Amino acid sequence: MQKAYYDGRALINGQRVAALDGQTFDCISPVDGRLLTSVARCGQADVDAAVAAGRAAFEDRRWCGMPPAARKRVMIKFADQLLAHADELALMETLDMGKPIKYARSVDVNSAANCLRWYGEAVDKIYDEIAPTASTALALIQREPMGVVGVIVPWNYPMIMAAWKIAPALAAGNSVVLKPSEKSPLTALRLAELALEAGIPPGVFNVVPGFGPEAGSPLALHMDVDCIAFTGSTRVGKQIHVMAGQSNLKRAWTELGGKSPNIVFADCPDLDKAVEAAVGSIFFNQGESCNAPSRLFVEASIRDQFLEKAIALVPGYAPGNPLDQATVMGAIVDQTQMASVLRYIDLGKKEGAALLAGGEQARVDTGGCYVQPTIFAGVTPDMTIAREEIFGPVLSVLSFTDATDVVRQANQSVYGLQAAVWTRDINKALGVARALRAGTVHVNSYDEDDITVPFGGYKQSGVGRDKSLHAFDKYTETKTTWIRIDSPV
């Protein structure tokens, strides 16, 4: 394994600093269990300092007072910095949370840079409005930055999830305090350094690593934070909304869990493509994706054929060394998450599902955290593996015979993040897509969208949307200025 030294100190007001009380925590690599570095274990006092820095930067207008075109140029430089340090960031991401380095480089770094660039490019092309008033008035409707935005992101896509939130927030002129997951804090800290190098002023973008109760909760409860944006579990997301209400009624936006249904009808136009998408999407990123298609509904008449093709693909997803360019499935983020995934697999067996592939820990002798790609068939909607988010490489296969019934089963979930339908019948495709209660529905594909479309869910999958121009709504206030006109002519 390649050796590297990483600075785990917080970044507040443009400076790398230790936690005020001196506490740290160990950053352990899931690749082989070795210590990567010690990270500042920030608490209330550190969050207070970061928020104060963000507030001072906002009040003196060192960032929000810049013309949109000037902020755009800095955001583009920020994106360029990510690409200039792409190999460094990819290695850091892989060592920190276990994903294959080929995807850390080609997907995570590139997507994060593209997101920063896209919002930078957009910010000087969004116009305010003039209302259709009578001639005795001029009514201006303008977007204004909120102030200090708190951001809490998970460990599965550390750079991408951070970029989805900080890019529109920064582009709009806000200050940001980011709390990365304690399981993957390193790239967030490096991003803040690269932002400074790109020209984002000190105090505008601050990063406070630490644990949820010690750093996340103080951020969500802070009386001088104007908005909190969170991606993570539904359980914690509910707490974020409560804390926002308990404090200063700050705006709260959440992107939470999912148990996404992937529905394949017998008239699927390309069965091989559907199989590859179903298998590839659930095993991508080790299944650690909120929008992973973990519930696969296959029409009964093609079920056996579909499963035969799916099982044949499984060996290609065998976990390997994440630092090997040939590896397509890497390590689970840590021992705790691996134990959770294995517990769900055990529940699947105990509740009567048929284990067709995988089901065990892998690469045990490496000291890392690896789970075999796993497929269960004969799954019924009442089983735990069909209801709860596993966040691991586990596919639950159910069958159906009726379109109305499969839509009912698909919607029978507390989540509503993403879904897919495979059919050559355009009427069926549109009808089922409209009936599915999900924020995104793919037709004859899975997870092929991009930054131009909103991402978020129905029901307990969260509140608000990331990506697209819609994200600006989360980080701006709408102000009306009504001007009386008593014209002499």
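User: How many helices and strands does the chain have, and what makes a run count as one?
Analyst: The chain has 14 helices and 24 strands. Helices are DSSP runs of H or I with at least four residues, strands are runs of E with at least two, and both are numbered from the N terminus. This is a predicted model: local features need pLDDT of at least 70, side-chain atom pairs count only at pLDDT 80 or more, and totals for chains, interfaces and linings use all residues. Residues are numbered from 1 along each chain as its sequence is written, and side-chain values use heavy atoms, without hydrogens and water.

User: Why does the radius of gyration agree with a compact globule?
Analyst: The rule is 2.2 Å times the number of residues to the power 0.38, with the radius taken over C-alpha atoms. For 489 residues that gives a value near 23 Å; the chain has 23 Å, so the two agree. The C-alpha atoms fill a box of roughly 80 × 60 × 40 Å along the principal axes.

User: Why is Pro269 called partly exposed?
Analyst: Buried means under 20% relative accessible area, exposed means over 50%, and partly exposed lies in between (1.4 Å probe, protein chains only). Pro269 has 37% relative accessibility, so it counts as partly exposed. Across the chain, buried residues make up 56% of the 489.

User: Where is Pro269, and what is it in contact with beyond its neighbours within four places in sequence?
Analyst: Pro269 sits in the loop between β12 (261-264) and α9 (271-283). Contact means heavy atoms within 4.5 Å. By that test, and with those neighbours left aside, Pro269 touches Thr423, Arg424 and Asn444. Gly368 is 99 residues from Pro269 in sequence and 40 Å away in space, C-alpha to C-alpha.

User: What share of the contacts with a separation of 6 or more joins residues 24 or more positions apart?
Analyst: Such pairs account for 75% of those contacts.

User: Are Cys42 and Cys290 buried or exposed?
Analyst: Cys42 has a relative accessible area of 1%, so it is buried. Cys290, at 10%, also counts as buried.
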